[in-house]
Amino acid sequence: INAEYGGHTTPMQSLFVLSLIFLLSHTSSVYSDTFKISLNNNNLFVQWTYSPPTIEFTVTSASISWVGIGWHQFNATGMEDSKMYDVDFAIGIFDTTGVVTVYDRKSNNAVNDGMTPPLDDTSSQIGGTNDITTISGQQSTSTTMFTFSRALDTKDMKGDWPLNNNGLYHLIWARGSSNTFGYHLQRGHWLVNFETGVNGPCTTC
């Protein structure tokens, strides 16, 4: 501090402090980006907001049924045709009163036939934790929509894939013919980077 100013900071020092505060607040601020993709000939939409340390999804389907999406890192399984192996699922199911629950589930890797239902992360077979928060959901005469959130990295090494790796993921979607969860014929795959929004068709899924 310059004694010439009676123990007070100089205008130059004040400017420096303000600039430093702005720089620190800017570099430490949490960024948020929202992306949306259209699947199944515009009959299914997946929107997500990437906002560390969380990610929020909204799934909209032109159906009155349960709907599920899932993911694992691209080629992480080492299998050319990954199907449903080692997939981290979020499945929205509406009960008879119209209330939705989004279930945190994982592929049953012990039976990799593409037909065995995924298991709750909290099941004894998986041994993980429930890390999905259901936010809202509704069904109209022709549409199903629900929103949920989870941490980008839930720390659940048994049931979840971390979503904060800046790389491609297999995005897997499926929906039933009713609100009763079961085997489905409507399904598909896509490639997506959750952080940047880059996406495209998957030729090896």
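Is lysine 155 buried or exposed, and at what relative accessibility? Lysine 155 counts as exposed, at 64% relative accessibility; buried means under 20% relative accessible area, exposed over 50%, and partly exposed in between, with a 1.4 Å probe and protein chains only.

1. Basis of the note. The model is predicted: local features need pLDDT of at least 70 and side-chain atom pairs count only at pLDDT 80 or more, while totals for chains, interfaces and linings use all residues. Residues are numbered from 1 along each chain as its sequence is written, and side-chain values use heavy atoms, with hydrogens and water left out.

2. Overall content. Helices (H or I, at least four residues) and strands (E, at least two) are DSSP runs numbered from the N terminus. Of the 205 residues, 39% count as buried. Among contacts with a separation of 6 or more, 51% come from residues 24 or more positions apart, a contact being heavy atoms within 4.5 Å. The accessible surface is about 11,100 Å², and 55% of that belongs to carbon and sulfur atoms; the areas come from the Shrake-Rupley method with a 1.4 Å probe, and for residues only the protein chains shown count as cover.

3. The seven-stranded sheet. An open sheet of seven strands runs in the order E7-E6-E5-E4-E10-E11-E12, with antiparallel pairing. E7 and strand E12 (199-200) stand at the edges with a single partner strand each, so one side of each has no neighbour in the sheet. Two strands pair if DSSP finds at least two bridges between them. Strand E11 (residues 186-192) pairs with E12 in the antiparallel sense over two bridges, and valine 192 stands opposite asparagine 199 in E12.

4. Aromatic pairs. Nine aromatic pairs are counted. Rings of Phe, Tyr and Trp (its six-membered ring) pair if their centres lie within 6.5 Å; planes under 30 degrees apart count as stacked, over 60 as edge-to-face and the rest as tilted. Phenylalanine 57 and phenylalanine 148 are stacked, at 5.2 Å centre to centre and 20 degrees between the planes. Phenylalanine 57 lies in strand E3 (residues 54-61) and phenylalanine 148 in strand E9 (residues 144-151), so the pair ties together parts that are 91 residues apart in sequence. Phenylalanine 57 is buried at 0% relative accessible area, and phenylalanine 148 is buried at 0%. Ring pairs link Phe35, Trp48, Phe57, Trp71, Phe146, Phe148, Tyr169 and Phe194 into a cluster.

5. Salt bridges. The count is four salt bridges, each a side-chain nitrogen of Lys or Arg within 4 Å of a carboxyl oxygen of Asp or Glu. Arginine 150 bridges to aspartate 88, with the closest N and O atoms 2.9 Å apart. Arginine 150 lies in strand E9 and aspartate 88 in strand E5 (residues 88-94), so this pair ties together parts that are 62 residues apart in sequence. Both arginine 150 and aspartate 88 are buried. Lysine 155 forms a salt bridge with aspartate 153 at 3.2 Å between the closest N and O atoms; aspartate 153 is partly exposed, at 28%.

6. Arginine 105. The side chains of arginine 105 and aspartate 120 meet in a salt bridge (2.8 Å, N to O). Arginine 105 is buried at 11% relative accessibility, whereas aspartate 120 is partly exposed at 31%. Arginine 105 also lies over the face of phenylalanine 181, 5.2 Å from the ring centre.

Terms used. Lys NZ or Arg CZ within 6 Å of the ring centre and 35° of its normal.
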